Amino acid sequence: MIDIFQKYLRNLFKDVPIDVYVVLSCCLCLGIVLIFTIQGIKKGWRKVLGLILVEYVVLLFFTTVFGRTTHGNIPKFNFTPFWSYHEILNGKENLIPEIIMNIVVFVPIGVLIGLSLCRLSWRGVFLVSICLSSSIELLQLILHKGFSEIDDIIHNTFGGIIGLGLLKVIKNINCRRKIDIIV
């Protein structure tokens with residue numbers, strides 16, 4: 001199973017040129033320096049986290065759409081919800097890592113949204129996640145890159161919600177520890 005995850009990750013990043021990583025790294029470093037210089041370290045953290053969120057989204061779009069090669073003139077898609085679960089029940093267990101990775105890849109979205117926009121609710125993370133994922137799937141369909149499907153939107157959105165949930169659990173645990181220390 002670990003081999004399947006490694007293969008999935010290699011395929012996800014194989015078409016991304018090193019230039020993309022260099023440009024994103026330079027923008028991130030420059031952005032952090034500018035934000036902390038202008039805002040100060042205490043006030044600038046949320047903006048830095050917002051910048052990291054934007055860069056993560058750019059990298060996500062590049063790895064799932066723009067960095068992929070076109071696979072011909074015929075779009076590949078499946079708009080049947082939960083088709084992958086039906087296939088898994090029929091023996092196609094190789095889809096399990098793909099489902100898990102589609103969830104995991106959006107967990108940082110939920111975490112970073114929660115950290116950079118502290119007042120955003122579950123509904124907000126749900127809407128942002130579903131819009132980002134729908135954009136990726138729509139671009140894959142239009143540009144004939146990747147396999148466009150409703151299940152990916154469902155899994156990505158679920159990943160964003162899990163990310164915010166993890167953040168809230170961690171914040172809750174941290175708040176309890178502070179109370180225990182004070183009492």
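The following exercises, with worked solutions, concern a predicted model.

**Exercise 1.** Determine whether His 155 is buried or exposed, and state which residues are in contact with His 155.

*Solution.* Begin with the secondary structure: His 155 belongs to helix α8, which spans residues 150–182. Next, consider the accessibility. The relative accessible area of His 155 is 4%, and the cut-off for a buried residue is under 20%; His 155 is therefore buried. Finally, list the contacts. With neighbours within four places in sequence left aside, His 155 is in contact with Ser 84, Tyr 85, Ile 99, Asn 102 and Ile 103.

**Exercise 2.** Identify the residue with which Lys 92 forms a salt bridge, and classify both partners by accessibility.

*Solution.* Start from a general principle: side chains of opposite charge can pair when their charged atoms come close. In this model, the partner of Lys 92 is Glu 87, and the closest N and O atoms are 3.8 Å apart. The distance criterion is within 4 Å, and the count by this rule is one salt bridge. As to accessibility, Lys 92 has a relative value of 45% and is partly exposed. Glu 87, at 23%, is also partly exposed.

**Exercise 3.** State which residues make the nonpolar surface patch and which helix gives the most to it.

*Solution.* First, name the members: Phe 66, Leu 138, Ile 142 and Leu 143 make a nonpolar surface patch of about 370 Å². Second, assign the helices. Helix α7, residues 122–143, gives the most, with three residues. Phe 66 is located in helix α3, residues 41–66. Third, check Phe 66 against the patch cut-off of over 30% relative accessible area: its relative accessibility is 43%, which counts as partly exposed.

Definitions and conventions:
Residues numbered from 1 in each chain as written. Predicted model: local features only at pLDDT ≥ 70, side-chain atom pairs only at ≥ 80, totals over all residues. Heavy atoms only, no water. Helix = DSSP H or I, 4+ residues; strand = E, 2+ residues; numbered from the N terminus. Buried < 20%, exposed > 50% of the residue type's maximum accessible area, 1.4 Å probe, protein only. Contact = heavy atoms within 4.5 Å. Salt bridge = Lys/Arg side-chain N within 4 Å of Asp/Glu carboxyl O. Patch = residues over 30% accessible without salt bridge, like charges linked within 9 Å, V, L, I, M, F, W, Y side chains within 5 Å. Areas by Shrake-Rupley, 256 points an atom, 1.4 Å probe, with all protein chains shown as cover.
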